[in-house]
Every structure is written in structure tokens, then in C-alpha cells.
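Here is a short briefing on one protein model and its ligand. Look at the structure first, then read the points below.

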Amino acid sequence: MRGIPVMAKLSVDDIELEGKRAIVRVDFNVPLDEAGNVRDDTRIQAALPTVKTILDRGGKAVLMSHLGRPKGTVVEKMRLAPVAERLGQLLKRRVIMAPDCVGEEVEGMVSEMRQGEVLLLENLRFHPEETTNDDTFSQQLARLGDVYINDAFGTCHRAHASVVGVTRYFEERAAGYLVLKELAFLGEALADPKRPFVAVFGGAKVSDKIGVMHNLIKKVDGILVGGGMAFTFLKAQGVEIGTSIVEEDKIEVAQTIMMVAESSGVQVLLPLDCVIAQEVEERAETQVVKFNEIPSGWKGLDIGPSTASLFKKALLSAKTVLWNGPMGVFEREPFAAGTETVARTLAKVTQEGCVTVVGGGDTVAALRVFELKDRMSHVSTGGGAALEFLEGKELPGIAALTERS
Ligand code: AMP
């Protein structure tokens, strides 16, 4: 894996905040319920350490985020007021809600802020200029801060105004704690891993993870493939897979990955058996069959018990594990066991000193179902950004931060 000089970036700890207006790109893209209340405040909680340090050190926090995809116009349902309210509850102080994210009125409100105050700008994506990385819009945002902090790792792969354009107008562009943690685990821990280093891939699609597999293949000691994507790999070896999910146009890539792995001496473990059903249903009739005995009309929906044992054994001896993608349709009880085995095994090895890094929305959702989210070394918040980073790509939002001298 190509190493990225991540710790070379200026951190929020390196900059003077006393009396300063710190404009912070946060990721408050949270789910709202029917009534418009915050349904899950994980992302708001995740930004608290950075916000608190600004306030504790005598700064003023001007926060900016997007929510949903309003596509450049004001969408009432996507206003950030419910987020401001929840943030206020968590911080136990008032959060000033701005009516917009740029403009004279907002500039006036920011200029009246006192030390220790927090202001949340309205949804950045109400303006089309945010996603086009417009220079005038970036300048308008820049007028609202003295120093710039990025704590929204999940948007760092996007060259948007609040992530890239705005940074041109700041001498000090620092990483917040959340971004620093992502860089420490996705960057350092995986660039120089304790060995054995095992990667576990699953989920429905190969296409999302191909780039990461390519980049990691020469770095890891072993790869475990489960979930729907395993069937593309099995089909690539000429195995009959019934009606299991498959990406026909990725069969060749799967073959290439197997070949590169073999020539690099990296073991790729595919399922030995699977749990099959005719339909993805809670009460579906299921069977456990060998990987090459799936009858026509049946689909593989979880790794089988022999595979789960094999994967468990491989993980028990690992010292670094990267996991992305569930082993089966864990959302349905009959197909959740494989994912649960991996999750429980990782919780155990983490306790014993293994570095476990988990990414991907569905994988994190699975950890939540099994109540194991807090038992991993690091759960990445940045789905697409994390994948691009692990592919070895430079993220524009990270590249834009000041180098640490
Ligand atoms: P991804 O976004 O590619 O990580 O895919 C996550 C989704 O893959 C989850 O919602 C799982 O239900 C689904 N999944 C996992 N294994 C299978 C499988 N064998 N067949 C179909 N879907 C699967």
C-alpha cells in the first residue's frame, strides 16, 4: 500500500485558538425522523472533542456542514435547526443557528460572537456553489473564520468549497480530532501494520472494493472473502452459484486479484460452505451446502459454519485486521451468523491487542446490531472517503491541509 505522510498535517492542537474564530467543516449529515428530529446523533457526538477544545481554549466555533442532497436549493426538511438543538443538548450550551451559510447577515452574527460561543451555519448544499467548489462562495465562507479546521473525514474525497476552495484563504488549515484519528488508523496502522495483517471483505458489491483489494494485496498476509461478493470470485473459478448475487463484469477482475495474490504469496480464503435459501426472507427455508453444491434456483445468503470457523481461526492469529462488508444478509436473522462470528471474533482479538479497523456503512450497522461497535480499535466514519484513502488515492480535503513544519 502506498504510504501517505498523514501525520505531516497541522493538527487542531498545533494552532492558537484564543480569541480566534475557528471555522470547522464538520459532518452533521445525520438521519432525521418523520417529525424532523435527529434519529441518530453519532456524527454530532463524533465532532464534540474538536468543538470542545475550541471552546475550552477561548475560541469561537463556527460550524459548517451539509445535510442530505438538497441539490442547490433550500429544502425545508433539510434545515440544520434540529442538529443545532441536539448539539446544544450535548454541549450543554446554546448553539446559535444562522439563517444561511454565507452573506451579510451571517457575517454580522459571526462578528458579534463572544469567546466560547458556538454558531452553526445553515446547510451548505442549499447553495449549488458548494459542490462546484466555486471561488466566490469559498471566499464568502472564508470571511467567517480566522483559522480553518476540517473534521469531516467522510467528505474529504470531495473537492467542494467547504473542503477545498475555502482553504485557499487560510494560512492555518488544521485537521480536527476525528480526521486525525481516521488518518492514524487508516493511514499509519495499515501502512505499517503489526503482522499478520488480515483483510476481510464482504457485502453485496465487488466493484466498490476492487480498488482497495488491489492496493492492499501486496501489503496483507491474508484476505478473507465472504458476503455476496464471494460469488463473483467463486464464479470466476467456474463454480455453479445458483441465483446468488454476482457481478458478471467483475469476474475478470476477480480472476486478476486471485492471480496477483497467488504470485505475491497471499492466501485468499473463499467460502467452503454457505447458507442458502430461495428467497431473502425472515422465514425462508434454509440449507447449508458446500460452496460448489448450490442447487439451481437457490442463492447463497451467508457463509456457512465451516467457513465461519475457518475465518475465525485466521482472525484469532491476526495482529491487524481491516474489515469492510458483511459476510451475509445480516439484516435477516437466518443469514446473520457469519457476520456475527466475524464481529465477535474481532471484539475478542481487539481485547487481546490486535488493531481492528472497520469501515463501511453496512458493516458498522452490523456492529451496532450485535452491540460490538465500541469493541473495535477504530470504526471509520467515512465510507467512500475511507475506501478511496485505502485505495491509495490522495483525498483533496486532506491534501488541502497545512503541512506540519
Ligand atoms: P456493500 O454495500 O457492498 O458492503 O453491501 C452490504 C449489503 O450486502 C448488506 O446490506 C447485506 O445484506 C448484503 N449482502 C451480504 N451478503 C450478501 C449475499 N450473499 N447476497 C446478497 N446480499 C448480500
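Over how many bridges do strand β7 and strand β13 pair, and in which sense? Strand β7 (residues 197–201) and strand β13 (residues 320–324) pair over five bridges, in the parallel sense. This is a predicted model: local features need pLDDT of at least 70, side-chain atom pairs count only at pLDDT 80 or more, and totals for chains, interfaces and linings use all residues. Residues are numbered from 1 along each chain as its sequence is written, and side-chain values use heavy atoms, with hydrogens and water left out.

**The sheet**

- Six strands form an open sheet with parallel pairing. Strands (E, at least two residues) and helices (H or I, at least four residues) are DSSP runs, numbered from the N terminus.
- The strand order is β9-β8-β7-β13-β14-β15. Two strands pair if DSSP finds at least two bridges between them.
- β9 (267–269) and β15 (378–379) are the edge strands, and each pairs on one side only.
- F201 stands opposite N324 in β13.

**The ligand site**

- The ligand is surrounded by 15 residues. A residue is near a molecule if one of its heavy atoms lies within 4 Å of it.
- The closest residues are A204, K205, K209, G300 and E331.
- The shell around the ligand holds six nonpolar, five polar and four charged residues. Here Ala, Val, Leu, Ile, Met, Phe, Trp, Tyr, Cys and Pro count as nonpolar, Asp, Glu, Lys and Arg as charged, and the others, Gly among them, as polar.

**Backbone contacts to the ligand**

- A backbone N or O atom of A204 lies 2.9 Å from a ligand oxygen atom. A polar contact here is a pair of N or O atoms within 3.5 Å.
- For G228, a backbone N or O atom lies 3.1 Å from a nitrogen atom of the ligand.
- A polar backbone atom of G300 is 3.0 Å from a ligand nitrogen atom.
- Taken alone, the ligand exposes 510 Å², and the protein buries 82% of that. Accessible areas come from the Shrake-Rupley method with a 1.4 Å probe.

**Two backbone details in loops**

- The peptide bond from R195 to P196 is cis, with omega near 0°. P196 lies in the loop between α6 (177–191) and β7.
- K92 is not a glycine, yet its phi is positive, near 55°. The loop between α2 (81–91) and β3 (95–97) contains K92.

Terms used
Polar contact = N/O pair within 3.5 Å; in protein donor to acceptor, adjacent residues only side chain to side chain.
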